[in-house]
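Here is a walk through one protein chain, from its overall build down to single residue pairs. Keep the structure open as you read.

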Amino acid sequence: MNSFLLNNDLIFAITNRFGGISKGCFSTLNLAYHLGDKEEFVRCNRQRVLKKMGIDDRILVYMNQVHGNDVVLVDELIIEKQQKEIEVRADALISSSLRVALLVVVADCNPILLYDKRKRVFSVVHAGRKGVELKILSKVLELFEQKFKSNIQDIYGIIGPGIRSCCYEVKQDVVDIFAYEQSLSQAIVKDNNRYFLDLLKPLCQEWHNKGANKEHLCIDFTCTACCAEYFSFRREKVCGRFGLIAARKH
Ligand SMILES: [Zn+2]
């Protein structure tokens, strides 16, 4: 993907489902504990990824993702040196610390990476349907401004693979929620009497509305439900999670 982040002081990766040790429906690189996979497999998978990225000395901060819009400022957490992993209840993490790696796990929801080049602050965001409804991306961008005095024009973003409108059919109840507000309603794709959602539209709208630079947003249009390389909740129901992991370079 875009090298602008790598060229500066951030290292990041979006994993797929290959290269791990998990079995069956979690095969093989499942990065989430909460699904019933063996804990030691997930721990090993995570360590493999961190090692490959050269950041296995970092404390991995990950989320108990609840489809809300809580954002945790990692720099304000009390982190013991010997901890290898920390779980926090949130749907976005933001940090300027060199000690941590941040992880968001997904299987159809959009993983988002944000980075302020000037202030050297980074964030990972879990933006599924609920997160988009709650405008979590806008909330994180506001926190960049409030807590780190970021200039929105300095922020770069990557939206990783997620379920796209080709596969994201929704029922009337969801259509009703999205039809209610103009910025959300543009996500609705009608095909005869069926409705599909394109969550990239409202996410791009949020990016624009916050005054961020269009050229600074990079989108992976891959549909996780179409592409067997990724875990997909819609396609598989019981499955693992792939991840977006990021850390600052020393
Ligand atoms: Zn698809």
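Two strands count as paired if DSSP finds at least two bridges between them. Strand 2 and strand 4 run parallel and are joined by five bridges. Within this pair, Leu60 sits opposite Glu85 of strand 4. Keep in mind that the model is predicted.

Next, go to strand 9 (residues 155-159). Strands pair through backbone hydrogen bonds, either parallel or antiparallel. Strand 9 takes part in both kinds of pairing. Strand 7 (residues 110-116) runs antiparallel to strand 9, and five bridges join them. Here Tyr115 has Tyr156 as its bridge partner. Strand 13 (residues 217-219) pairs with strand 9 in the parallel sense, over three bridges. There the bridge partner of Gly157 is Leu217.

Is strand 9 mostly covered or mostly uncovered? It is mostly covered, with five of its five residues buried. In a regular strand, side chains alternate between the two faces of the sheet. On one side of strand 9 are Ile155, Gly157 and Ile159; on the other are Tyr156 and Ile158. Both faces are covered.

Helix 4 (residues 136-148) has 13 residues. From first C-alpha to last it reaches 17 Å, close to the expected 18 Å. Its buried residues are Ile136, Leu137, Val140, Leu141 and Phe144. They cover an arc of only 145 degrees around the axis, which puts them on the same side of helix 4. Lys149 follows the helix, with a positive phi near 55 degrees.

Finally, step back to the whole chain. Its secondary structure comes to eight helices and 14 strands. The radius of gyration is 17 Å, close to the 18 Å that the globule rule gives for 250 residues, so the chain is as compact as a globular protein of that length. Of the 250 residues, 44% count as buried.

How values were computed:
Residues numbered from 1 in each chain as written. Predicted model: local features only at pLDDT ≥ 70, side-chain atom pairs only at ≥ 80, totals over all residues. Helix = DSSP H or I, 4+ residues; strand = E, 2+ residues; numbered from the N terminus. Expected span 1.5 Å × (residues − 1). Buried ≥ 20, exposed ≤ 12 C-beta atoms within 10 Å, placed from the backbone. Arc of directions from axis to C-beta. Rg over C-alpha atoms; globule rule 2.2 N^0.38 Å.
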